[in-house]
Amino acid sequence: LSAKLKGAGALQRAKKKLNVAVIGGGLAGLSTAKYLADAGHTPHVLEAESVLGGKVAAWRDDDGDAYETGLHVFFGAYPNTLNLFRELGIEDRLQWKSHEMIFSLPNEPGAFTRFEFPPLPAPLNAAVAILSNEKLLTWPEKIRFGLALVPAILGGDSYIEEQDDVTVSQWMSKYGVPKRVQDEVINAIAKALNFIDADDLSMQVVLVAINRFLRETHGSKVAFLDGLPPERLCQPMADHATSTSGGGTVRMDARLKSIVPTDDLTRIDHVILTSGERVDADAFVIAVPVDKLKLLLPPKWREQHFKTLDSLEGVPVINLHLFFDRKLNVENNLLFARSSLLSVYADMTETCREYAENTSTGGSMLELVFAPAADYMTASDDAVVDAAMRELERVTGGVVTPSPTSPDAPRLVKSIVVRTNRSVYQANAGTGKARATQATPIPNLFLAGCHTRQKYLASMEGAILSGKLAAEAVSEAEMQLAAEAVSNAEMRLSA
Ligand code: FAD
């Protein structure tokens, strides 16, 4: 069991080496490739874009300033991710912050409050952090919420899974948790987890996070990567997959156009790229976002085997980069904005080496997740920046303002807006069960991606775990897949 928990070492070396096409070079696809290579198979990653990473993709503008699809933080409660970093020998690239969660106080503009986790084992550290914070919740509110969490703590994973069908608000009222607990704390966490408000979000999502934070001593501690994910995380994954597999490849600008099933519709015959190239493989792992997956699946299969995916849809989100002419005198860790438009933000020049060393404007760069973003997806960049600046003015008590009057006030000198029309799947109540497993009813078709079924939700940890599970599923089926590959080759020869 312990070998299995360790992950990569758990994959037995392949008895039959398979050529596996992995469609999608986000974290899930690259994790699949990494663990397939560890198991002795040969992965061939095909990524549609010219940069690896998908939702962690990042670029540099003409000034050399970095910008990304999303502000990303890693949690201590990400065992598979931390394991991956260790296996790749890059764990020093995670910049850990002090163990605290910082919330803005909407009724006191410019003021923040912290949940400080002392160096005690879980759940004592969380208990002290929550009980010693007097700003957000009253004692009766803390006690009512604590009592409501008892079934989650005692019931474990099965209880948490059962809460998929209820929204956060329904769960709160069922257990008599005062509305203020949701308004003061849970709404901000919900928005950070899935970019939507708690009225729609499945309670399972919140309980998964709370459960890990309560159970693991460092579970809620956050780290920032020290640079751009494509360079600092995705490339080492790709290098590992190609260098250890003897023949594995990672290609960019290689977009899958269609999946071609065999005539009897029992398996994938081959796939076709938008360039017209045909790709044959012993197995295919599709690691694309769920919205793209639905379009790529042959209609008969979608209807017959993947109908539940109809209820999964990516949620729109905007990631904003605000460059200032000087350093801002504001909290600089990850902040829960508790605003109607902003989710979380950080001064990246304080939290991430890349931005500290290379930001061209010489001042702070605030990276913000703007959510819910549906109403702003078609708005101009100026409108998005303006709305965010107004919210920031309130949150920072005027330290940041869209119209500075004093010569000493920080000025916004540049902004970059990145829109993702369909990001992670919207985890509405009931969607947990709709997620597909990595092994599918089609024997040579496997799925990976943070939308597939695994216990870490739509996150980097979920994506990395899904890739590991997909690689395990391929390995488990390797004898059958190898036999089918031989018989197909023979059929082709005789035809
Ligand atoms: P993706 O990253 O979407 O990868 C899919 C890949 O498939 C992409 O590279 C895409 O280009 C490719 N592709 C699509 N179609 C095709 C095709 N036809 N052919 C070939 N390739 C194709 N998670 C956290 O854990 N912590 C955070 O702080 C956090 N913050 C976030 C902030 C934002 C704004 C966003 C958008 C996400 C955030 N996430 C966070 C979620 C996290 O980024 C995702 O869960 C994770 O990166 C998803 O990885 P994936 O491989 O499943 O999917």
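Contact here means heavy atoms within 4.5 Å. The model shown is predicted.

**Close-up 1. Helix α2 packs with helix α9.** Helix α2 spans residues 27-38, and helix α9 spans residues 229-245. Their axes lie 8 Å apart, at an angle of about 30°. Angles under 35 degrees count as roughly parallel, so α2 is roughly parallel to α9. The crossing of α2 past α9 is left-handed. On the α2 side, the contact is made by Leu27, Leu30, Ser31, Ala33, Lys34, Ala37 and Asp38. They meet Leu233, Cys234, Met237, Ala238, His240, Ala241, Thr244 and Ser245 of α9. By type, the residues of this contact are 9 nonpolar, 4 polar and 2 charged.

Close-up 2. In Glu47, a side-chain N or O atom is 2.6 Å from an oxygen atom of the ligand. For His72, a polar side-chain atom lies 2.7 Å from a ligand oxygen atom. Ser459 takes part through its backbone: an N or O atom there lies 3.3 Å from an oxygen atom of the ligand.

**Close-up 3. Pro261 in strand β11.** Strand β11 covers residues 256-261 and includes Pro261. Lys191 is 70 residues from Pro261 along the chain, and their C-alpha atoms are separated by 40 Å.

Methods: Residues numbered from 1 in each chain as written. Predicted model: local features only at pLDDT ≥ 70, side-chain atom pairs only at ≥ 80, totals over all residues. Heavy atoms only, no water. Axes fitted to C-alpha atoms, helices over the stretch in contact; angles between N-to-C directions. Helix = DSSP H or I, 4+ residues; strand = E, 2+ residues; numbered from the N terminus. Parallel < 35°, antiparallel > 145°, perpendicular 65-115°, else oblique. Left-handed = near helix turned anticlockwise from the far one by under 90°. Nonpolar A, V, L, I, M, F, W, Y, C, P; charged D, E, K, R; others polar. Polar contact = N/O pair within 3.5 Å; in protein donor to acceptor, adjacent residues only side chain to side chain.
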